[in-house]
Every structure is written in C-alpha cells, then in structure tokens.
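Here is a short briefing to read alongside the structure.

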Amino acid sequence: MTTLSLDAATLLQHIEALGQIGADAVHGGRSRIALTDAEKLGRDQVVAWMTELDLTIQIDEIGNIFGILPDQEGNTQHNALMMGSHIDSVYNAGALDGCYGVLAGLAVTKAFRDQGILPTRPIIVAAFTNEEGVRYQPDMMGSLAHAGGLSALQVLNTIGTDGTRLGDELARIGYHGDMPLGTLKPSQYLELHIEQGPILDKEGIQIGAVANLQGISWQKIYIKGKANHAGTTPMSMRHDAGYAAASIITFLREHTQQSPGTLATVGSIQFEPNAINVIPRAATITVDLRNPDNKSLCTAEQALAEHLDTLRQSEGVTIESEVLARFDPVIFDEQLVNVVEQAANSLSIAHKRMTSGAGHDAQMIARIAPSAMIFVPSKDGISHNPREFTKDEDLIQGAKVLLATVESLLSH
C-alpha cells in the first residue's frame, strides 16, 4: 500500500473549531450535553466535514453517525474497519475527550482522499450518541446499543435528568435516522483517545497501547432516617441519614486501602432537609467502583452491600440501592494491540502497554468485534475540565500511529 500522509494542520483546525461549539464564556470550557442544541451544532459540523470528504453518511435510529469511505469495489459494509468515539461532553469540558478520536478518524480518511486512492476494505468513522451519560443514563449508550446491549426502543424511551424523553430530543434536533440500529458490524474497531490520566505524561511516553479496560459499577444509594432537632436529640437516639452517608464514604476509602486496584468515588451527595440545625431525614449518594479484575470488583460490591446491612441495623435507617450501570472489565484484542505497538515502533515513537481507567465506546464495540485503543498523554492527568490539555505534537503523533495501524491492518 502507498504510504499515506497525515494532514496535521487540518486535524488541529478541526479540533479547535469543534472545541468552540458550546463554549462557555462564564465557566470556561465547553458544554455539549447529548442532544442539546449545542450538540446538534457539533453534529452538524462533523457531518459537514464528512460531506467534504465525500463519505457515505448513515445515521441510525438512535442518532449514531457513521461516515463511510467505501473500498475499491464500492463496498461500504463487508469486512469494515471502524474508528470512532463521541462528541458529546460533560459540563465545562475540555476540547479533546472523545472528539479527538472522531476527528482523527476523519483525518485517516482524508489521507486516502488526498492520495486519490480507496482502501482495500471500507473504513467507517463513528460518532456514537450519548457517551458521557450526563443527561441520559447509562453512559456509553450509543455504542452499547450498537453492540446489542440495549434495544432502540429502550434508548428512545429513556427519560433524562431534565425530564425529557431521548427520542423526542433526537427528533427535535433532526438526528433520528432511518438506519436500523446495529446495521454496521465492523470486523475491527480502533479508538484513539487522550489518556485522561497521569501515567503517560508522568513517564514522558507519547503512546499508550491499551490492552484492557477497568470494570465499572455505578450505584445510587437512597438512605431514609428521621429528621429531628440538632440540639435536643441525643446522639444515641438518632436515626441520622447524613451519618450513614458519611459512614459509606469512609468505608469505601478503607476498603480501597485493603484492596489494591480498586477505585471508589462518591461523586454526588444530597441531604434533606439540608439545614444546619436539622438531623438529615434522607440522603442520596452515588457510588462509582472500578477495578480491572472482575473478581475484585465483585468483592467490592459485596463488601459495600454488607456495610449497608450493618448500617440498617446499627443506625435504624432504611437503605435502598439502585444499579445505574455495570460493565465488566474488557481485555482488548491481542493482535490489534500488537499492531498498534508495531505502528508506534515503525514511527520510532515511545510507547507502553497500559490499562484504561475510564470507560470508552471501545469497551462496548469489543462485544461484537476485535477492538483496541490508542492513548496520548493528558497534561497532569486532567480531563472533564477546561484545563484538559495535550500538546499538538502528541495529538499529531497519536493520529500518525492510528494511520499507520490502519495501513497495516488493510495490508493484510
């Protein structure tokens, strides 16, 4: 195959332009929450760039967007190589999370267009719906559904945190497509992403060949106690939902110290009535548990369940838990990981094998196709934050490794 060249300048221009959509002048960063007006503008821009590259554009019934570069026979589906990620964001996000993978995929197709050649297999660039899960849960929804984990009806009927129905919002912004969910089944999937962690930056390494991905367990825990006067109720006679919530937080920290590899986060907490001189009658917290080993993740979940039982008895409170999301750890395809490493070697770029601490669309597509990920450094490990930053040089090197990986896969 002819060695292709990456148009680095256009890639960086696209990252900058997309990063301006949903920009927040007050709080910094940008907010393109799934299926909002801001995300519609982002979708429109990505589709426009796909159109400029003369890609075949398909939008499925839950709004997943696919730009397809046909192979030399005009085939758009059989034995396809898929790349992608997402363009929706958290609130006040950086410019790179997700977007980099979609735009680098377009840069790969541009490399073919610039040479005036077609690949030996079709290349599909995917932008999956609602990866972040801010407005509609679970996260990674579009790729999960594409892989068969949710039906189109389940997705469309999902009610958001703002009370909206996903299907109604999808139609409102004009991205309720007519292609049946799951139509495009790739033979292989690659996702280029910023690390969102500190390892590559700390070690001065430009490329991560991602070999596996942590399992994730999300729960919402509802605690009901009894409100009473803060000054007149003895400590021994309280049914304090606030104390129970604090006990859970402390327990999780202690468990992680005894279980290396387990991560536990209580990311949100709400008290009722939330008054300084009233014992909380209710508390709601979220728990995020992660571990690359499923047995250890299950152990953490069981330990938490046992601690909730202890609190029910000792504090006289009612506790219910709701599973928001549960994804097993993923081991990526060894052959694809090897090809990524070989591509980095061919370009003399320092690399290492590593684990992904965050969830990504790749873990869902791995259910239906051999998959792998490529990481580039995140400055100080910061992400989901306006200060998210990766040097242009590293962004370009990552895209070059992606292009070299694609060339290698298409040559066999």
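This is a predicted model: local features need pLDDT of at least 70, side-chain atom pairs count only at pLDDT 80 or more; totals for chains, interfaces and linings use all residues.

The chain is assigned two domains, with domain 1 covering 8-213 + 329-411 and domain 2 covering 215-327.

**The loop between β4 and α4**

- M140 has a positive phi, near 55°, and is a residue other than glycine.
- P138 also belongs here, in the loop that runs between β4 (123-127) and α4 (141-146).
- The peptide bond joining Q137 and P138 is cis, with omega at about 10°.

- Domain 1 is made of two stretches of the chain, 8-213 and 329-411, while domain 2 is the stretch 215-327.
- If you take the C-alpha centres of domain 1 and domain 2, you will find them 34 Å apart.
- The contact between them draws 15 residues from domain 1 and 11 residues from domain 2.
- About 910 Å² is buried between domain 1 and domain 2, and 64% of that area is on carbon and sulfur atoms.
- How many salt bridges are counted between domain 1 and domain 2? The count is 0.
- Polar contact between domain 1 and domain 2 comes to 1 residue pair, counted with both residues at pLDDT 80 or more.
- On the side of domain 1 that touches domain 2, β6 (207-213) and α11 (361-365) each supply at least two residues.
- Sorted by class, that side of domain 1 has 7 nonpolar, 6 polar and 2 charged residues.

**The UniProt feature**

- An unreviewed UniProt entry places the feature "domain: Peptidase M20 dimerisation" at residues 214-310.
- Residues 214-310 are 36% helix and 32% strand, and the end C-alpha atoms of this span lie 28 Å apart.

- Which residue does a cis peptide bond join to P273? The partner is E272, and omega for this bond is about 0°.
- P273 sits in the loop between β10 (269-272) and β11 (278-279).

**Salt bridges**

- Across the whole structure, a search finds 18 salt bridges.
- One to look up is the salt bridge between E169 and R172, whose closest N and O atoms are 3.2 Å apart.
- Both E169 and R172 lie in helix α6 (residues 166-172), where they are 3 residues apart, about one turn of the helix.

How values were computed:
Residues are numbered from 1 along each chain as its sequence is written. Side-chain values use heavy atoms; hydrogens and water are left out. Domain bounds come from an automatic or database domain assignment. Contact means heavy atoms within 4.5 Å. Buried area is the accessible area (1.4 Å probe) that two parts lose on being put together, summed over both. A salt bridge is a side-chain nitrogen of Lys or Arg within 4 Å of a carboxyl oxygen of Asp or Glu. A polar contact is a pair of N or O atoms within 3.5 Å; within protein, one must be able to donate a hydrogen and the other to accept it, and residues adjacent in sequence count only if both atoms are side-chain atoms. Helices (H or I, at least four residues) and strands (E, at least two) are DSSP runs, numbered from the N terminus. Ala, Val, Leu, Ile, Met, Phe, Trp, Tyr, Cys and Pro count as nonpolar, Asp, Glu, Lys and Arg as charged, and the others, Gly among them, as polar. UniProt positions are given in the numbering used here, feature names are shortened, and annotations may be inferred rather than shown by experiment.
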